[in-house]
Amino acid sequence: MNYDIIITGLIIVAQILAVVVPVLISVAFLVYAERKVLALIQLRRGPNIVGPFGILQSFADALKLITKENIIPSGSNKIVFILAPIITMVLSLAGWAVIPFAPGWVVSDINVGIMYLFAVSSLGVYGIIMAGWASNSQYPFLGALRSAAQMVSYEVSIGFVIITVLLCVGSLNLSKIVLAQQTVWFAIPLLPMFIIFFISALAETNRLPFDLPEDESTLVAGFFTEYSSASFVLFFLGEYASMILMSSMTVILFLGGWLPPFDVYPLNAVPGVIWFTVKVIFILFLFIWVRGTFPRYRYDQLMRLGWKVFLPFSLFWVVATSGFLVYFDMLPN
Amino acid sequence: MVLYSLTFYLFSSVAVLSALMVISAKNPVHSVLFLILSFVNASGLFVLLGAEFLAMILVVVYVGAVAVLFLFVVMMLDINFVKLREGFLQYLPFGALLGIVLVIELGILFLTDRSSNIYNNQTPLQPIVSEVENTKMIGQILYTEYFYLFQICGIILLVAMIGSITLTLRDKGGVKRQNIDSQNTVDASTAIEKKKVKIGEGI
């Protein structure tokens with residue numbers, strides 16, 4: 001027997017668990033934080049019964065949902081109906097394989113890390129579109145169609161934003177993207193692209209003000225209207241896990257990943273993973289703040305913003321950035 | 001190496017089987033979903049070849065964009081597959097001809113002496129370990145040796161894009177469009193019009 005393969009396999013499984021378990025726990029606390037922040041914005045108290053300050057509320061909710069009956073509509077396409085939430089959940093966890101939390105703290109440090117993240121986030125639409133179609137019901141179907149159009153539109157501008165960052169880095173490796181920001185975080189020279197990326201991330205994760213796929217005032221609950229119990233939990237977890245994933249992507253591309261703001265003594269003594277977490281929490285707070293502040297976009301306005309404002313603007317910035325880098329001879333290697 | 005061949009056979013067998021299911025599935029939406037599975041497995045094969053950039057491009061472009069629109073159209077249209085299969089025998093000879101041509105071409109490729117090939121010093125189906133990332137290698141070849149071909153591809157795509165826009169763009173009368181600039185420039189002096197209405201007449 002060759003024990004080396006087994007040991008390597010066990011190490012890989014341990015690494016995966018070391019990433020996935022904290023992500024799932026942070027999803028639970030993100031849901032709690034969202035409810036608490038929204039409550040504070042609206043001058044309410046929020047969850048405050050389960051545990052101290054209601055901190056265990058999400059776990060109680062999860063337990064309640066899982067013990068409920070899982071209803072599969074008789075008119076649905078059963079296999080696709082069950083596959084859809086699983087695909088959503090798997091894809092939102094798969095992206096974490098390439099995220100560097102600190103120098104060397106990454107499950108798989110591949111050369112095309114950013115392309116992998118882009119590919120995984122663009123696959124996220126399948127869970128939604130399959131759920132909408134398999135439910136065989138009008139509201140979910142409408143939600144799925146809206147989502148497909150929305151995610152494809154905003155992916156284009158996200159692609160251009162990523163290209164602008166890559167022009168400044170000269171590599172597709174996420175660790176190298178972070179290390180290229182040692183002098184200055186890309187959020188400062190590329191501020192307009194940072195804003196576009198943040199807004200597109202809101203649209204890509206179907207968050208307010210772009211949550212048209214699950215628009216409760218017109219579509220009941222959108223694409224997961226027919227889902228209950230554990231399959232609903234999977235959608236819920238998937239949505240929040242991909243929210244954290246998009247925040248980490250923003251942090252890596254624009255806010256210097258694990259790097260401290262200034263490379264001076266008390267700041268650079270703090271471990272990188274703490275800086276990373278603090279920045280991700282800041283972006284997540286922005287996500288929640290936006291939800292508490294802005295009204296929902298109308299569908300045609302959403303499409304106009306994506307295609308007629310963001311696409312030309314980000315295309316212009318790609319050309320402007322590459323022109324600047326070539327003219328001042330600042331292209332990386 | 002055992003793991004390598006195992007993953008190769010996994011990816012290739014799933015790709016071939018799902019490709020078969022694409023043409024044999026009764027439900028057109030299932031066909032598209034199997035097509036997507038086939039694409040994903042093909043990208044897995046690219047990763048095994050060491051061509052990770054091509055693998056990711058395959059997923060981003062074909063799975064993330066093209067297949068989504070495909071699925072979109074197939075779901076929206078009410079396709080009657082029984083009706084489509086009526087002409088099966090009529091198209092069979094043409095399809096068979098295409099298949100035979102493809103098999104002959106592949107046969108020629110396998111049977112010819114490939115020692116004259118420029119790549120003969122590299123064994124295929126092995127990851128090429130190199131100091132340069134293959135993203136950079138593609139860039140170095142694409143923008144130097146194949147520069148004109150690359151530009152021609154771009155122009156063809158541009159023409160196709162403009163063509164499809166002109167084919168579908170039509171201005172039907174009676175559609176109210178929102179003009180955001182004109183809405184934003186409205187102020188009290190232009191929004192409200194004062195009129196003196198005579199008693200008993202109306203406007």
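**Briefing: a helical two-chain model**

Chain A contains 13 helices and zero strands. The structure described here is a predicted model. Chain B likewise has zero strands, with nine helices.

**Chain A: fold and dimensions**

- Along the sequence, the order of elements in chain A reads α-α-α-α-α-α-α-α-α-α-α-α-α.
- Taken along the principal axes, the box filled by the C-alpha atoms of chain A is roughly 65 × 55 × 50 Å.
- Buried residues account for 43% of the 333 residues in chain A.
- Among the contacts in chain A with a separation of 6 or more, 78% join residues 24 or more positions apart.

**Chain B: fold and burial**

- The pattern of chain B, read along its sequence, is α-α-α-α-α-α-α-α-α.
- Of the 203 residues of chain B, 13% count as buried.
- For contacts in chain B with a separation of 6 or more, the share from residues 24 or more positions apart is 54%.

**Contact between chains A and B**

- Chain A contributes 18 residues to the contact, and chain B contributes 16 residues.
- On the side of chain A that touches chain B, at least two residues come from each of helix H4 (113-123), helix H5 (125-134) and helix H6 (138-169) of chain A.
- H4(A) gives the most to this side of chain A, supplying six residues.
- By class, the side of chain A that touches chain B comprises 14 nonpolar, two polar and two charged residues.

**Largest nonpolar core**

- The largest nonpolar core consists of 111 residues.
- The residues with the most contacts inside this core are A:Met115, A:Ala119, A:Ile129, A:Phe197, A:Tyr240, A:Ile244 and, from chain B, B:Met56.
- Helix H10 of chain A, which spans residues 229-254, gives the most to this core, with 16 residues.
- Leaving aside residues up to four places away in sequence, A:Phe197 touches A:Ile158, A:Val161, A:Thr250, A:Leu253 and A:Phe254.

Technical notes:
Residues numbered from 1 in each chain as written. Chains lettered and ligands numbered in written order. Predicted model: local features only at pLDDT ≥ 70, side-chain atom pairs only at ≥ 80, totals over all residues. Contact = placed C-beta atoms within 7 Å. Helix = DSSP H or I, 4+ residues; strand = E, 2+ residues; numbered from the N terminus. Nonpolar A, V, L, I, M, F, W, Y, C, P; charged D, E, K, R; others polar. Core = buried A, V, L, I, M, F, W, Y, C linked by C-beta atoms within 7 Å. Buried ≥ 20, exposed ≤ 12 C-beta atoms within 10 Å, placed from the backbone.
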